[in-house]
Amino acid sequence: FQFERKFVHLGYSAVSLLDITKKLVAVFGDNAKIGIGFLLAALFRDIVTSHAQFPILNLFGPKGSGKTELGTTLMSFFVIENKPPNLHSSSKASLGDTVAQCANALVHLDEYRNDLEFEKREFLKAIWDGTGRTRMNMDRDKKRETTAVDCGVIVSGQEMATADIALFSRMIFLTFDTSEFTAEAKRKFNELMEERKKGLSHLALQILSHRKKFEAEFAGNFKSAFSDITERLEQARIEDRILRNWVVPLAAFRTLSGVLELPFTYNDMLKITIEGIVRQNSECKSNNELGKFWDLVAYLRQNGDIYNEGDYRIVYVNEFSCNTPAVKLQFKEQKRILLLRKSRIFQLYKKEARAVGETSLPEGSLKFYLEKSPEYIGTKNSVRFKNVSKGYFDVVTQKDENGREVTTYKQSVDMAMAFDYDMLSTHYNINLEVSNTTEPDEFGK
């Protein structure tokens, strides 16, 4: 019962909510503001989850950057000098018990790494759904038992949680990038540590006194905050799960900002939230299955393993016809279309993924994802490509009508997947075009 003995109210100290939140912001900056919003939401988690899924707060950064200290400070509203369990050295059973031992509070799990075993990553994903560890109860009725997760969970670590992009999208992703601090920053941090050692449970009780207000107004504030974000991100393609995760602390702050004295405003939180959503969505795109595929395609091109005209073609057209679906597209301006010959590229993608230790998608799944991506236009049945053999284009030498030898490339007709190249280059930052210019570049070369 170590956790239960620490999870106690020791009395009231002189520190106010405004004092402690000012120190938090002074030490941790914008990350503290999102952390405070997450704390407010966690104190009323049962209300929040009747309107939205409850996200995981992910604190990511190098050693000594302050990520664990922010988690420990937020935990001091419930537990003094909390020692977060290590995700690697803790058993799955103990982790399940850890997240099930309190409600409407916080639990901190430390040392996330991407080589975390599969079952533990699945356990973290289940937290977002409000479920913990599932086991068979062999002592009583031999029935399955699933522990509930009724608390807010903080996960910190030195690696970005991109091994499973479905887990990453269940998180609010905060980055810590400073590991060297000035003397003034260290002084402020030491002051904060002294305050949190006294315990901040009296501030948790102060916030909880506004439960009726939170219960009555959270749903409306969630809709308003969601609307505020979508209006400002109207032109951006944002994953809905990421957006809704970030709305939770923003809506909690909006609900209580009128009755709690805090050193920042709703507009401050809104600006930070929008920046965080855009950053995390960008990371999600570049690290998802399709992002990894296109990254490998770009690498294969740069490494000379795939060839323009042989494995793909980029055509400039004002109209384009597909066989599947059977459509003819018209463009107001000339459009760049990428025609991808999948046979060799798919095989090289799997080979290169194995070589660098990445997990490649099965061909059927990859084809499905590509066809469902917004960049996909359709399939064209008859596209001419040059034949590639042993790293070179196949050539054939023939004599013309004058008896002179003429060398031409062997070609074959194949089916090609068509993509909007401009969208691909924007979303995945890839460049597959080959420049044939002899003019000097910006360096005079």
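A search of the whole structure finds one cavity of 30 Å³ or more. A cavity here is a set of points on a 1 Å grid over the protein atoms alone where a 1.4 Å probe fits but cannot get out; the points are joined across faces, edges and corners, and the volume is the space filled by probe spheres set on them. Before you start clicking, note that this is a predicted model, in which local features need pLDDT of at least 70 and side-chain atom pairs count only at pLDDT 80 or more, while totals for chains, interfaces and linings use all residues. Residues are numbered from 1 along each chain as its sequence is written, and side-chain values use heavy atoms, with hydrogens and water left out.

**Stop 1: the cavity.** Select V8, L10, G11, S76, F78, V79, I80, K198, G199, L200 and S201, which line the largest cavity (lining residues have an atom within 4 Å of a point). Its volume is about 50 Å³.

**Stop 2: helix α5.** Now pick residues 67-75. Helices are DSSP runs (H or I, at least four residues) and strands likewise (E, at least two), numbered from the N terminus. Seven of the nine residues of α5 are buried, so the helix is largely enclosed by the rest of the structure; buried means under 20% relative accessible area, exposed over 50%, and partly exposed in between, with a 1.4 Å probe and protein chains only. The buried residues pack against α2, α3, β1, β2, β5 and α9.

**Stop 3: the cores.** Show F77, L106, L109, L124 and V155, the residues with the most contacts inside the largest nonpolar core, which has 90 residues. Helix α12 (residues 240-256) supplies the largest share of this core, 10 residues. Such a core is a set of buried Ala, Val, Leu, Ile, Met, Phe, Trp, Tyr and Cys residues joined through side-chain atoms within 4.5 Å. Another core of 28 residues lies apart from it, with L366, L370, F419 and L424 among its members.

**Stop 4: D129.** Finish in the loop between α7 and β3, where D129 lies. D129 is partly exposed, at 45% relative accessible area. Leaving aside neighbours within four places in sequence, D129 is in contact (heavy atoms within 4.5 Å) with Q53 and R170.

Conventions. On a 1 Å grid over the protein atoms alone, a cavity is a set of points where a 1.4 Å probe fits but cannot get out, and a pocket is an open set with protein on both sides within 12 Å along at least five of seven lines; lining residues have an atom within 4 Å of a point.
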